[in-house]
Amino acid sequence: MLMTSSSIDNFKQFFKKTIFFDNELTSELIAILLVYLVQGILGLARLGVSFFLKDELAMSPAEVSVLLGIVAIPWVVKPLFGFISDGLPIFGYRRRPYLILSGLLGTLSWVALGTIVHTPWAATAVIALSSLSVAVSDVIVDSLVVERARHESISNIGSLQSVCWGASAFGGLITAYFSGFLLEKFSPQTIFLITATFPLIVSLVGGLIAEEFQNQYSNWQTVKQQIKNLRQAITQKSIWLPTAFVFVWQATPTADAAFFFFTTNELGFQPEFLGRVRLVTSMASLIGVWLFQRFFKSLPFRTIFFWSTIISTVLGMTMLLLVTHTNRTLGIDDHWFSLGDSLILAVMGQIAYMPVLVLAARLCPPGVEATLFALLMSVSNLAGLISYELGALLTHWFGITEKNFNQLWLLVIVTNLSTLFPLPLIHWLPNSSAESEP
């Protein structure tokens, strides 16, 4: 019996150390991880949305890229949701009600997309609402994560962000293949209705958040004080310089929308195979999180950003082999080439992005952690929006359409080389590592 108890304890310790990176598994942490898990699970509809926009609404690659930028707007104004939740409690609570409402909004958005949406404008509006629902829940749990991260020991710095992003990647992993497989069995609208059930999990776990009842139902003084603290924080050179670097780094144009049309219309990739690709990239993201936590968090931020950018740019150029069909000349099938390319790029991308999360949490001074973290993430999301819009502009400029991919090779070269632009500014980053003291 003693051996059994000892074995159970050893298993718990192994599970805690390996899966949760030494974070205590409390009911609140379970709630936080479930919210991140749902964010990953919502990827179930990602391929459905892409095919819905391409085939049923007949949108062009440039139009899809513009739409992807528009629906990212809720993520750009994330601090606004932080201000509202802090200054306007609902029934005396600042966190739980907003999680519940965000889950309900997400469900209603996906139901609407699966039933009454038949035009590009309506699709843009409804997808933006679903994005809003995730952004609201995300800012709530982000604030909880940052508050917890302030109490991490030096050896555990970044571990909580790794666990949370691991939960999101795992959510994407368990739905990745089915996002394509189900799309070959059912219509996109059916996939949207299935997806509508998952945001309800966010609503249900709201009660697990540890929160004290607020006697006052609105406290805009808190908001004013936060704005004042925020203004003081962002005027510090040690904060705005790294933020500016991350913005430039992520604002470079992307060819994602045009490449999706190329793989489906030109290469004939079916939804089921694209689901396999998403499965591979989700697994790669988890590998990237683990590699960062295990091997790279002791490296200086500048070193990680520099080498991950160089390597990702070089590897990104391998897309030219697929675009020009050179891989066929080399005897490599389109499907296998795409899988291998996606795997390696996803690992590198996750390793490169993890320092952004750790750095953002590190830059937040006490008293304004949640709001400043939301602002820093919003800057990152604004850069993503600009990235899609620049990609749309280049796609239109090069004359790339749903049938014409003659200039796609040029778009690939331009978007890949543009990722090198921020490197001369790398001295804007602190030369410390995730493990060193702030």
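Leu408 touches Ala258, Phe259, Phe262, Val323 and Ile400, leaving out residues up to four places away in sequence. Here, touching or being in contact means having heavy atoms within 4.5 Å. A nonpolar core is a set of buried Ala, Val, Leu, Ile, Met, Phe, Trp, Tyr and Cys residues joined through side-chain atoms within 4.5 Å.

A word on the model comes next. This is a predicted model, in which local features need pLDDT of at least 70 and side-chain atom pairs count only at pLDDT 80 or more, while totals for chains, interfaces and linings use all residues. Residues are numbered from 1 along each chain as its sequence is written, and side-chain values use heavy atoms, with hydrogens and water left out.

## The chain and its main core

How many helices and strands does the protein chain have? There are 21 helices and zero strands. Helices (H or I, at least four residues) and strands (E, at least two) are DSSP runs, numbered from the N terminus. The protein chain has 438 residues, and 54% of them count as buried. Buried means under 20% relative accessible area, exposed means over 50%, and partly exposed lies in between (1.4 Å probe, protein chains only). Among contacts in the protein chain with a separation of 6 or more, 87% join residues 24 or more positions apart.

The largest nonpolar core has 77 residues, and Leu53, Leu113 and Leu408 are those with the most contacts inside it. Helix H8 (residues 120-149) gives the most to this core, with 12 residues.

## Helix H10 and its two partners

Let us now look at how helices pack. Helix H7 (residues 96-115) packs against helix H10 (residues 188-195) at an angle of about 165°, with axes 8 Å apart. Axes are lines fitted to C-alpha atoms, for helices over the stretch in contact, and angles run from 0 to 180 degrees between N-to-C directions. H7 and H10 are therefore roughly antiparallel to each other. Angles under 35 degrees count as roughly parallel, over 145 as roughly antiparallel, 65 to 115 as roughly perpendicular and the rest as oblique. The crossing of H7 and H10 is left-handed, a word used if the near helix is turned anticlockwise from the far one by less than a right angle (clockwise would be right-handed).

On the H7 side, the contact is made by Trp110, Val111, Leu113, Gly114 and Thr115, and on the H10 side by Gln189, Phe192, Leu193 and Thr195. These residues divide into five nonpolar, four polar and no charged. In this scheme Ala, Val, Leu, Ile, Met, Phe, Trp, Tyr, Cys and Pro count as nonpolar, Asp, Glu, Lys and Arg as charged, and the others, Gly among them, as polar.

H3 also packs against H10: their axes come within 9 Å and cross at roughly 150°. That makes H3 roughly antiparallel to H10. H3 passes H10 in a left-handed crossing. The contact is made by Gly48, Val49, Phe52 and Glu56 of H3 and Pro188, Gln189 and Phe192 of H10. By class, the contact of H3 with H10 has four nonpolar, two polar and one charged residues.

Helix H3 spans residues 46-56, and its buried residues are Leu47, Gly48, Val49, Phe51, Phe52, Leu53 and Lys54. An α-helix has 3.6 residues a turn, so residues three or four places apart point the same way.

Which residues does Thr195 of the chain contact, leaving aside its neighbours within four places in sequence? They are Leu42, Leu44, Ala45 and Trp110. Thr195 is found in helix H10. Ser203, in helix H11 (residues 199-205), touches Leu99, Ile100, Gly103 and Leu104, not counting residues up to four places away in sequence. Gly166 sits in helix H9 (residues 159-185). Gly166 and Gly288 are 122 residues apart in sequence, and their C-alpha atoms are 9.3 Å apart in space.

Ala58, in the loop between H3 and helix H4 (61-70), has a positive phi of about 55° although it is not a glycine. His325 is not a glycine either, and has a positive phi of about 65°. His325 is in the loop between helix H17 (319-323) and helix H18 (326-329).

The table lists the accessibility of these residues.

| Residue | Relative accessible area | Class |
|---|---|---|
| Thr195 | 0% | buried |
| Ser203 | 11% | buried |
| Gly166 | 13% | buried |
| His325 | 22% | partly exposed |
| Ala58 | 56% | exposed |
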